[in-house]
Amino acid sequence: MVVALAVHRPLVHWALHHWGTRAAERAGYQADWTSSGSVFGDIAFGGVRIAGDDRSVVRALTVEQVALEYDLWRWRSGGPGAVVDRVKVRRLEADIDLTRRAPKDTVAGERPGNSKVRLAAVRLPVIEIENVSLRLRQPNGVIEVADFSLTLDPARAGAISVARFSAPGMPELVDAAGTTRATTDSVTLENVSLWPETTLER
């Protein structure tokens, strides 16, 4: 399997772009990106650009880089939640309009079945998020996030920060920051500064 993927790696990347952009187009979006990596153990997408039309929930989305490192062999022993080792997102900007909700599949007043969905256990991977900005339009106002960054790593202390966060009915946060400590199944925040001269210690 490894040899097959190595030989056909360029074809796999071509297929991801070819069929992915066409699927996006059918959903009403113009999309483009580049991809790289072995596919078997890692993959990265760069220069991601997605643009919606007048009816799209996602008005615009750009990402400088999204990268994943994973071990597919671990699926057999630990399930899908144990596969991913590292997630990296760099310079993401998104404009999302939830006032343009797509019609629901269920009829008004109809409730979905009571079948229970069993979620797989998830092992927390290393997470590196750098400079994410989001504008989320809602019927009751706009939520804005500017330059959000987060590092979660079970091997060392990480950090969380946001240059600005504003939401209807909430005080605006400016230059909020804190320290993160993670294990494979939990996250703790310490020394969180929400406003100037205001620090919440653990």
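**Strand pairing and salt bridges in a predicted model**

Nine bridges connect strand β2 (residues 42-52) with strand β3 (residues 58-70), and the two run antiparallel. The model is predicted.

Biologist: What makes β2 and β3 a pair of strands?

Modeller: A pair needs at least two bridges, and nine join β2 to β3. Within this pairing, phenylalanine 45 stands opposite valine 66. A hairpin of five residues links β2 to β3.

Biologist: What makes β3 and β4 a pair?

Modeller: The cut-off is again at least two bridges, and 11 join β3 to strand β4 (residues 84-97), so these strands pair, running antiparallel. Leucine 68 stands opposite valine 87 in β4.

Biologist: Why is aspartate 95 called buried?

Modeller: Buried means under 20% relative accessible area, and aspartate 95 has 18%, so it counts as buried. Aspartate 95 is found in strand β4.

Biologist: What makes the link between the side chains of aspartate 95 and arginine 137 a polar contact?

Modeller: The limit for the N or O atoms is within 3.5 Å, and this contact is 2.9 Å.

Biologist: Why is the pairing of aspartate 85 and arginine 74 called a salt bridge?

Modeller: The nitrogen must lie within 4 Å of the carboxyl oxygen, and the N to O distance here is 2.8 Å. Aspartate 85 is in strand β4 and arginine 74 in helix α3 (residues 74-78), so the pair ties together parts 11 residues apart in sequence.

Methods. Residues are numbered from 1 along each chain as its sequence is written. This is a predicted model: local features need pLDDT of at least 70, side-chain atom pairs count only at pLDDT 80 or more; totals for chains, interfaces and linings use all residues. Side-chain values use heavy atoms; hydrogens and water are left out. Helices (H or I, at least four residues) and strands (E, at least two) are DSSP runs, numbered from the N terminus. Buried means under 20% relative accessible area, exposed over 50%, partly exposed in between (1.4 Å probe, protein chains only). A polar contact is a pair of N or O atoms within 3.5 Å; within protein, one must be able to donate a hydrogen and the other to accept it, and residues adjacent in sequence count only if both atoms are side-chain atoms. A salt bridge is a side-chain nitrogen of Lys or Arg within 4 Å of a carboxyl oxygen of Asp or Glu.
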